[in-house]
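Notebook open, structure loaded. I want to go through the charged pairs, the core and the surface, and jot down what turns up.

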Amino acid sequence: SLLSVDLHTGRKHQIRLQLSRQLSCPIVGDELYGPSSSSAGPGRRGMFLHAAKLALPHPVRAREDVAVKAPLPGHWRVLPRAAVDKAREFLSGD
C-alpha cells in the first residue's frame, strides 16, 4: 500500500510504531518494529519509508513555508514497476 502521512511531531518513529502496533501493518524493511517477514528481501537494505516533502515555517517570513522535495530512494527499484510509477505519480502532485 502507498500511504500519505502528515506528521505533527516531526518524528518518523511515530509512523513506524503506529503502523506496526496499532494497525498490524509494519513498513517493509523495518527491522525494529516489523517482524522478520517484513524484510526488504535478500541483499536489500533500507526501509520503505520516504519523506517526499518537508515543509517548515520560514525563519524570517512567518507567513511562508520553506519546502524541500526528495526523489525516491534507489533501493525502491526492487518494487514492481507499477508501484514505483504510482509512487512517482503520487509524489509529483502537491
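This is a predicted model: local features need pLDDT of at least 70, side-chain atom pairs count only at pLDDT 80 or more; totals for chains, interfaces and linings use all residues.

I number residues from 1 along each chain as its sequence is written, and side-chain values use heavy atoms, with hydrogens and water left out.

**Confidence.** pLDDT is the predictor's confidence in each residue, from 0 to 100. The protein chain averages 79, and 84% of the residues score at least 70.

**Layout.** I took helices (H or I, at least four residues) and strands (E, at least two) as DSSP runs, numbered from the N terminus. I get 2 helices and 2 strands, in the order α-β-β-α along the sequence.

**Salt bridges.** How many salt bridges does a search of the whole structure find? It finds 2. In one, Arg16 pairs with Asp30, with the closest N and O atoms 2.8 Å apart. That pair links distant parts of the chain, 14 residues apart: Arg16 is in helix α1 and Asp30 in the loop between α1 and β1 (53–57). Are Arg16 and Asp30 buried or exposed? I have both down as buried, meaning under 20% relative accessible area; exposed is over 50%, and partly exposed is in between (1.4 Å probe, protein chains only).

Glu64 bridges to Arg61, with 3.1 Å between the closest N and O atoms. Glu64 counts as partly exposed because its relative accessibility is 36%. Arg61 gets the label partly exposed too, because it comes out at 44%.

**Core.** A nonpolar core here is a set of buried Ala, Val, Leu, Ile, Met, Phe, Trp, Tyr and Cys residues joined through side-chain atoms within 4.5 Å. The largest one has 9 residues: Ile15, Leu19, Ile27, Met47, Phe48, Leu72, Trp76, Val84 and Ala87. The elements giving it two or more residues are α1 and α2. I then listed contacts (heavy atoms within 4.5 Å) for Trp76. Leaving out residues up to four places away in sequence, Trp76 touches Met47, Phe48, Leu49, His50, Val84 and Ala87. Arg88 lies in helix α2 and is partly exposed, because its relative accessible area is 47%.

**Whole chain.** Buried residues make up 20% of the 94 in the chain. Of the contacts with a separation of 6 or more, 23% join residues 24 or more positions apart.

Ser24 has a positive phi of about 50°, although it is not a glycine. I find Ser24 in the loop between α1 and β1, and it counts as exposed because its relative accessibility is 61%.

Terms used:
A salt bridge is a side-chain nitrogen of Lys or Arg within 4 Å of a carboxyl oxygen of Asp or Glu.
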